[in-house]
Amino acid sequence: MPQIRERTEGCWAWVVLVASLVTQGLTLGFPTCAGIFFTELQHEFQASNSETSWFPSILTAMLHAGGPLCSVLVGRFGCRVTVMLGGVLASLGMVASSFCHTLSQFYLTAGFITGLGLCFSFQATITVLGFYFSRRQALANALASVGVSLGITLWPLLSRYLLEDLGWRGTFLVFGGVFLHCCVSGAILRPVATSLAPETIEGPLPPSKTLAPGCLTVCGRTIQSYLAFDILWHNAGYRVYTLGVMWMVLGLVLPHVFLVPYALWHGVDEHRAALLVSIIGFSNIFLRPMAGLVAGRQNFAGYRKYLFSLATLLSGLSNLVCAASADFRVLVVYCLVSSVSTSGIGALLFQVLMDIVPMDRFSSALGLFTILESISILISPPLAGFVLDTTTNFSYLFYMSSFFLISAALFMGGGFYALQKKEKKGRQVKAEGTIPEVAPERNPIVEGTDGSEKRLCTEIMYVTSV
């Protein structure tokens, strides 16, 4: 049956924007409340800090690593079905985790299944915004990112409230129902009347009667279309940025996981400890759209990568303040400063990638980028948990986080500056090398009477002068 398709930039586009905002709050905001359950899960399963840390690391890693699979589903079934499938998976994962009796079962349900479902819902709603908005795409992305800030603000408060009355098992059961709202958001995503929108392929593909030659070549091209290994090998800027972000993420996720346990360990009230994460989210409601709009201005196009390095450096320095004192007022100041730095990082993370990689290869470059980033996300919390089990001092976690962030900022800033200087020097050498070739031809062209020859002389001089 033919479907009614919506116009790009039409009235329904703003309804889709609201659905994307809600979905981002449900998906990206959820991992920030993992620290609320950290102590409860540790006591329930009699686990160490390192073992308990695998839950938020698997959850967040799957939220990023499932990008290529999500792209396949979007291309095959469309954004609407993918978002609804993600909501069902996330709900099933949460419900199943409330009945778990071992950590391995909990890793599979609350970590892997829920994380994969959140990935499908989140990345598909981001994709559909590109189809519904063209002229106002930067504004739409900035407004949709407010949902992340709302999620970071509300998830910890809701988690603490439910945890006191229902325990962690009852809370996760309620979360299973909350994630079904992703299905409602997905139902709103009507097809767009544009040739760029992914079409739903109805019916199975006809089976191949003969084995096509070059199966390895076809598989290689398929992998290459989603994972840009050739860009990683040949593009030095992409290589510097990817390695720098991988190193940065090792320290970036630690405060969100261990901030609440750190405050509780120093005697801060449970409600005030949960409020710290909400302060970060509430500040981001205003800071993230502002950072996104500023990052989208063409005046900053040449300096975005350096601004990203500066935001990373600020995040690392703020963690040193948090490690120095656990007083609640100091922690509030830390949360405000951290909000500024994380807003800059969030607004520039993919914008810098767009500046480095050609847009026709951005999708495959993004797929490889998110997978490599998820490796760091997977390693970071268990590594921090191991350090905490060894030292029994939370301050070392923030020192470690500062080390990763500051060193990553210096590496990316220095690497980008060296590449820019090398590129500038290469252009100068190339321009100087073309001048002797043009000069001997100048007299024959001037002496000629043909007008085309005179225009050729002018064109060559223009290119070499630039």
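# Helix packing and burial

Q: Does Cys11 count as buried or exposed?
A: In this predicted model, Cys11 has a relative accessibility of 67%.

Q: How many disulfides does a search of the whole structure find?
A: A disulfide requires two cysteine sulfur atoms within 2.5 Å. The sulfur of Cys335 has its closest cysteine sulfur in Cys322, at 7.4 Å, which is too far for a bond. For the whole structure, the number of disulfides found is zero.

Q: What is the relative accessible area of Cys335?
A: Buried residues have under 20% relative accessible area. Cys335 falls in that class, and its value is 0%.

Q: How many helices does the protein chain have?
A: The chain runs to 466 residues, of which 49% count as buried. Contacts between residues 24 or more positions apart make up 85% of those with a separation of 6 or more. The chain has zero strands, and its number of helices is 20.

Q: What is the phi of Gln46 near?
A: Gln46 is in the loop between α2 and α3. The residue is exposed, with 68% relative accessible area. Its phi is positive although Gln46 is a residue other than glycine, and the value is near 50°.

Q: Where is the place of Thr392?
A: Thr392 is not a glycine, yet it has a positive phi of about 50°. At 55% relative accessibility, Thr392 counts as exposed. Its place is in the loop between α17 (362-391) and α18.

Q: Are α12 and α13 roughly parallel or roughly antiparallel to each other?
A: The axes of helix α12 (residues 236-252) and helix α13 (residues 254-265) come within 6 Å and cross at roughly 10°. Angles under 35 degrees fall in the class that applies here. The two helices are therefore roughly parallel.

Q: Which residues in α13 do Leu250, Gly251 and Leu252 in α12 meet?
A: The contact of α12 with α13 divides by residue class into four nonpolar, two polar and no charged. Leu250, Gly251 and Leu252 supply the α12 side; on the α13 side are Leu254, Pro255 and His256.

Q: At roughly what angle do the axes of α5 and α9 cross?
A: The helices concerned are α5 (residues 79-97) and α9 (residues 181-188), with axes that come within 7 Å. Their orientation is roughly antiparallel, a class that needs an angle over 145 degrees. The axes cross at roughly 175°.

Q: Which residues in α9 do Arg80, Val83, Met84, Gly87 and Val88 in α5 meet?
A: The residues of this α5–α9 contact divide into six nonpolar, two polar and one charged. The α9 residues that take part are Cys182, Cys183, Gly186 and Ala187.

Q: How many Å apart in space are Ser20 and Val128, C-alpha to C-alpha?
A: Ser20 is in helix α1 (residues 11-27) and counts as buried at 1% relative accessibility. Leaving aside neighbours within four places in sequence, Ser20 is in contact with Thr125, Leu129 and Ala144. Ser20 and Val128 are 108 residues apart in sequence, but in space the C-alpha to C-alpha distance is 8.7 Å.

Q: Which residues does Ser395 touch, not counting residues up to four places away in sequence?
A: Ser395 lies in helix α18, which covers residues 395-438. Its relative accessibility of 13% makes Ser395 buried. Residues up to four places away aside, Ser395 touches Tyr262 and Ala323.

Q: Which residues does Ala409 touch, not counting residues up to four places away in sequence?
A: Ala409 also lies in helix α18 and is buried, with 6% relative accessible area. Its C-alpha is 9.0 Å from that of Val245, a residue 164 positions apart in sequence. With residues up to four places away not counted, Ala409 touches Ser309, Thr312 and Leu313.

Methods
Residues are numbered from 1 along each chain as its sequence is written. This is a predicted model: local features need pLDDT of at least 70, side-chain atom pairs count only at pLDDT 80 or more; totals for chains, interfaces and linings use all residues. Side-chain values use heavy atoms; hydrogens and water are left out. Axes are lines fitted to C-alpha atoms, for helices over the stretch in contact, and angles run from 0 to 180 degrees between N-to-C directions. Helices (H or I, at least four residues) and strands (E, at least two) are DSSP runs, numbered from the N terminus. Angles under 35 degrees count as roughly parallel, over 145 as roughly antiparallel, 65 to 115 as roughly perpendicular and the rest as oblique. Contact means heavy atoms within 4.5 Å. Ala, Val, Leu, Ile, Met, Phe, Trp, Tyr, Cys and Pro count as nonpolar, Asp, Glu, Lys and Arg as charged, and the others, Gly among them, as polar. Buried means under 20% relative accessible area, exposed over 50%, partly exposed in between (1.4 Å probe, protein chains only).
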